[in-house]
Amino acid sequence: MSADERLAGLVREAVGAVVDPELRRPLADLDMVRTVTADGGDVRVEISLTIVGCPASDRIQREVRAAAHGVSGTDRVEVELGVMTPEQRAALTERLRGGRARGIPFTADSLTRVIAVTSGKGGVGKSTLTANLAVALARRGRTVGLVDADVHGFSIPGLLGLVDAQGRTTKPTRIDDLIVPPVAHGVKIVSIGMFLREGDEGRAVAWRGPMLHRTVQQFLTDVWFGDLDVLLIDMPPGTGDVAISIGQLLPHADVLVVTTPQHAAADVAVRSGTVARQTGQRVIGVIENMAPLTLPDGTVLDLFGAGGGEDVARALSADGDTVPLLATVPLSAALRTGGDAGLPVVLGTPDDPAARAIDALAATLTASGPSLAGRALPLGVR
Ligand SMILES: Nc1ncnc2c1ncn2[C@@H]1O[C@H](COP(=O)(O)OP(=O)(O)OP(=O)(O)O)[C@@H](O)[C@H]1O
Ligand SMILES: [Mg+2]
């Protein structure tokens, strides 16, 4: 082997280790490194990107150049960016799908634990809790995806900081029919808010059942989450079309029911758990949110009363399985303001009592294993 060939080989190796910022895999695995040549210290590297005008192209070019320069013996580095042929792209999307046929990968034998967060009433804090739970699980080392299934009232992008000051939502990248979800605070996220045209983001999505069903189905089929430990689903309130679609598409999902401590809210919360069960899903626990808050002077702010979470857990247990009250999350200004700012409280103010309660829930779910759900859980295995 000539010295030039040896150098080119070393550069290829170094450049191949650069990680694609969107696909989060090394360029070598993605087959993006084309020819690498060396002529004395002059090195030339050709990279093919998935799409023209790939938003990450500047960064890839920079990192490839730096990686090539890092190899001793290189002097001048030239990086040329090209685009994959349709055949190369098809091979890539197939490889990313892991050779699986196109379809919903979250089946009974998948290693991903799917947890849908539901409620009877609206505004009880489902989305806020789901966003924080996702981040808390990611911080505990899980690979986490989050589907915002509230098509009419999507709020996840805002809660996780994917909406800029102009109200623009971060868009996913598309590789043909594969949708690469944006990542925020370590969580892969998909929401209808990412697919609306600029300027339409503030408008209502007025769709009926079949369109909602197709959208949720597409989120689960075409969004490339890769291998996840946990997929959380933020449900719209109540027991409408989307709840039924999710029940049909993900019959193996576990369900968390969110309620407030108000006794009057309990019945309708129970109903949402019962409907989930009718589709075969398992209710694994209740979360009581907006529970009494102890103020610094010791007084207790008791806005919604107490005991609703226990009521719901008891009522759902009467149906068969034992359903525990898994967490009680107090009223918290930091939880709300963190949501408004797109910085979840579990990251921004981790000592806040609500943040601690949510992190404890993440720990419970991570450690739960078979006892909680009554079957071997993939969570914690890897
Ligand atoms: N524990 C809490 N303390 C204070 N405010 C809270 C708490 N939980 C949620 N909130 C606030 O309550 C409001 C409703 O929360 P969120 O949007 O998460 O509810 P939701 O159940 O997802 O609503 P929807 O049914 O409309 O989807 C938000 O303004 C949120 O910041
Ligand atoms: Mg919501």
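In this predicted model, Phe-106 and Phe-225 are both buried, where buried means under 20% relative accessible area, exposed over 50%, and partly exposed in between, with a 1.4 Å probe and protein chains only. Their ring centres are 6.2 Å apart and the planes stand at 55°, so the pair is tilted. Rings of Phe, Tyr and Trp (its six-membered ring) are paired if their centres lie within 6.5 Å; planes under 30 degrees apart count as stacked, over 60 as edge-to-face, and the rest as tilted. The count by this rule is 2 aromatic pairs. Phe-106 and Phe-225 link distant parts of the chain, being 119 residues apart. Phe-106 is in the loop between helix H3 (86–96) and strand E4 (113–119), and Phe-225 is in the loop between helix H6 (209–222) and strand E10 (230–234). Helices (H or I, at least four residues) and strands (E, at least two) are DSSP runs, numbered from the N terminus. The charged end of Lys-188 sits over the ring of Trp-224, 5.6 Å from its centre; this requires NZ of Lys or CZ of Arg within 6 Å of the ring centre and within 35 degrees of the ring normal.

Residues are numbered from 1 along each chain as its sequence is written, and chains are lettered from A and ligands numbered from 1 in the order in which they are written. Local features need pLDDT of at least 70 and side-chain atom pairs count only at pLDDT 80 or more, while totals for chains, interfaces and linings use all residues; side-chain values use heavy atoms, with hydrogens and water left out.

Strand E10 is largely enclosed by the rest of the structure, because 5 of its 5 residues are buried. In a regular strand the side chains alternate between the two faces of the sheet. In E10, Val-230, Leu-232 and Asp-234 lie on one side and Leu-231 and Ile-233 on the other, and all are buried. E10 runs parallel to E4, to which 5 bridges join it, and Arg-113 stands opposite Val-230. Strand E5 (residues 144–148) is also parallel to E10 and joined to it by 5 bridges; here Gly-145 stands opposite Leu-231. Two strands pair if DSSP finds at least two bridges between them.

The model contains 13 salt bridges, each defined as a side-chain nitrogen of Lys or Arg within 4 Å of a carboxyl oxygen of Asp or Glu. In one of these, Arg-59 and Glu-63 have their closest N and O atoms 3.1 Å apart. Arg-59 and Glu-63 are 4 residues apart in helix H2 (residues 57–69), which means that about one helical turn separates them. Arg-59 is partly exposed, at 41% relative accessible area, as is Glu-63 at 30%. A salt bridge also joins Arg-89 to Asp-176, with the closest N and O atoms 3.0 Å apart. Arg-89 lies in helix H3 and Asp-176 in the loop between strand E6 (173–175) and strand E7 (178–180), so this pair ties together parts 87 residues apart in sequence. Arg-89 is buried, with a relative accessible area of 15%, whereas Asp-176 is partly exposed, at 39%. In helix H10 (residues 333–341), Asp-340 and Arg-336 lie 4 residues apart, about one turn of the helix; their side chains meet in a salt bridge (2.8 Å, N to O), and both residues are exposed.
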